[in-house]
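Let's take a walk through this structure together, one piece at a time. Have the sequence and the 3D view open as you read.

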Amino acid sequence: MQKRHLVPVVAALASALAVPAAVAAPTAAAPAPTASSALPSGTRSLAAVLTADGDRFDRNWYDYDIVTEAVLAVLKAKPNSPVSVLTRGDRPVTAFIPNDRAFQVLAADLTHRWYGKESQVFSALVGAVGVDAIESVLLYHVVPGAPISSQTALRSDGARLTTALPGATIKVDVLSRWLKLVRLVDQDRDDLDPLLNPRALDINRGNRQVAHGIVLVLRPLDL
């Protein structure tokens, strides 16, 4: 069985995940989920959804405080980052958002320490890889284009999604349509791949930006 383990190659990670100053809109990969040509009318952004609970760390490891703080930190350091698409509700995207526990696991893999507070996890990740690498990881979780609903995802076994990180794709592996179990195959061949959380699907439904919760962080490199 695979183990969620990351070799401590922090310097290589930071450099390999550097994002170009300007990122062109990715082209569609084939095969890809078939989405309706009519975009939803709602323009509430995912950034607005993520910050709706007050923008703070708490003791709930199954919400999305760390990914929220990561987005805010990138935009503070790099206001023109492509991550800003998440603040523009008129731009259609699908985002796969890891919960706080997922980032706790990633921080433990990177630093070989288990952190008991969300704020400690966030500080450890920024300290380990830096804002540029955090930016790249976030972009790897964003798929530009017409939003992909959970129902579309469940009919898209084998599809490859082109992410906002140039040249990086995610493969959709539907394990069970009945149980709504979908695995996202990332670029790290030696670690477990994230599953969609069946209880956190279609976040911000009816808007041009939708999100699905995932239980591990997608990794854009084979480490």
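Two strands count as paired if DSSP finds at least two bridges between them. Helices (H or I, at least four residues) and strands (E, at least two) are themselves DSSP runs, numbered from the N terminus. What you're looking at is a predicted model, where local features need pLDDT of at least 70 and side-chain atom pairs count only at pLDDT 80 or more, while totals for chains, interfaces and linings use all residues. Residues are numbered from 1 along each chain as its sequence is written, and side-chain values use heavy atoms, with hydrogens and water left out.

Let's start with the whole chain. Its secondary structure comes to six helices and six strands, and from the N terminus on they run α-α-α-β-α-α-β-α-β-β-β-β. Of the 223 residues, 50% are buried, where buried means under 20% relative accessible area, exposed means over 50% and partly exposed lies in between (1.4 Å probe, protein chains only). The accessible surface is about 10800 Å², and carbon and sulfur atoms own 55% of that; such areas come from the Shrake-Rupley method with a 1.4 Å probe, and for residues only the protein chains shown count as cover. A contact means heavy atoms within 4.5 Å. Among the contacts between residues at least 6 apart in sequence, 67% join residues at least 24 apart.

Now find the open sheet of three strands, which has the order 2-1-6 and mixed pairing. Strand 2 (142-144) and strand 6 are the edges, each pairing on one side only. On average, neighbouring strands here are turned by 15 degrees against each other, direction ignored. Strand 1 (residues 93-98) runs antiparallel to strand 2, with three bridges joining them, and Val 93 stands opposite Pro 144. Towards strand 6, strand 1 has a parallel partner, joined by six bridges; there, Pro 98 has Ile 214 as its bridge partner.

How enclosed is strand 6 by the rest of the structure? Largely, because six of its six residues are buried. In a regular strand the side chains alternate between the two faces of the sheet. In strand 6, Gln 209, Ala 211 and Gly 213 point one way, Val 210, His 212 and Ile 214 point the other way, and all are buried.

Strand 3 (residues 160-162) and strand 4 run antiparallel and are joined by three bridges, with Arg 160 opposite Lys 171 in strand 4. Their hairpin has six residues between the strands, and Gly 167 takes a positive phi near 80 degrees there. Strand 4 also pairs with strand 5 in the antiparallel sense, over five bridges, and Ser 176 stands opposite Leu 181. This second hairpin has four residues between its strands, and in it Lys 180 has a positive phi near 60 degrees. Strand 4 (residues 169-176) is mostly covered, with six of its eight residues buried.

On to the helices. Two packed helices are described by the angle between their axes and the distance between the axes. Axes are lines fitted to C-alpha atoms, for helices over the stretch in contact, and angles run from 0 to 180 degrees between N-to-C directions. Angles under 35 degrees count as roughly parallel, over 145 as roughly antiparallel, 65 to 115 as roughly perpendicular and the rest as oblique. A crossing is left-handed if the near helix is turned anticlockwise from the far one by less than a right angle, and right-handed if clockwise.

Helix 3 (residues 65-77) packs on helix 5 at about 55 degrees, with the axes 10 Å apart, and the two are therefore oblique to each other. Their crossing is right-handed. The contact includes Val 67 and Val 74 of helix 3, along with Phe 122 and Ile 134 of helix 5.

Helix 4 packs on helix 5 as well, at an angle of about 45 degrees with the axes 9 Å apart. That makes this pair oblique too. Helix 4 passes helix 5 in a left-handed crossing. Among the residues making the contact are Phe 103 and Leu 110 of helix 4 and Leu 125 of helix 5.

Finally, two loop residues. Most residues other than glycine have a negative phi. His 112, in the loop between helix 4 (100-111) and helix 5 (118-140), has a positive phi near 60 degrees. Asn 204 has a positive phi near 70 degrees and sits in the loop between strand 5 (181-185) and strand 6 (209-214). Is Asn 204 buried or exposed? Asn 204 counts as buried, because its relative accessibility is 6%.
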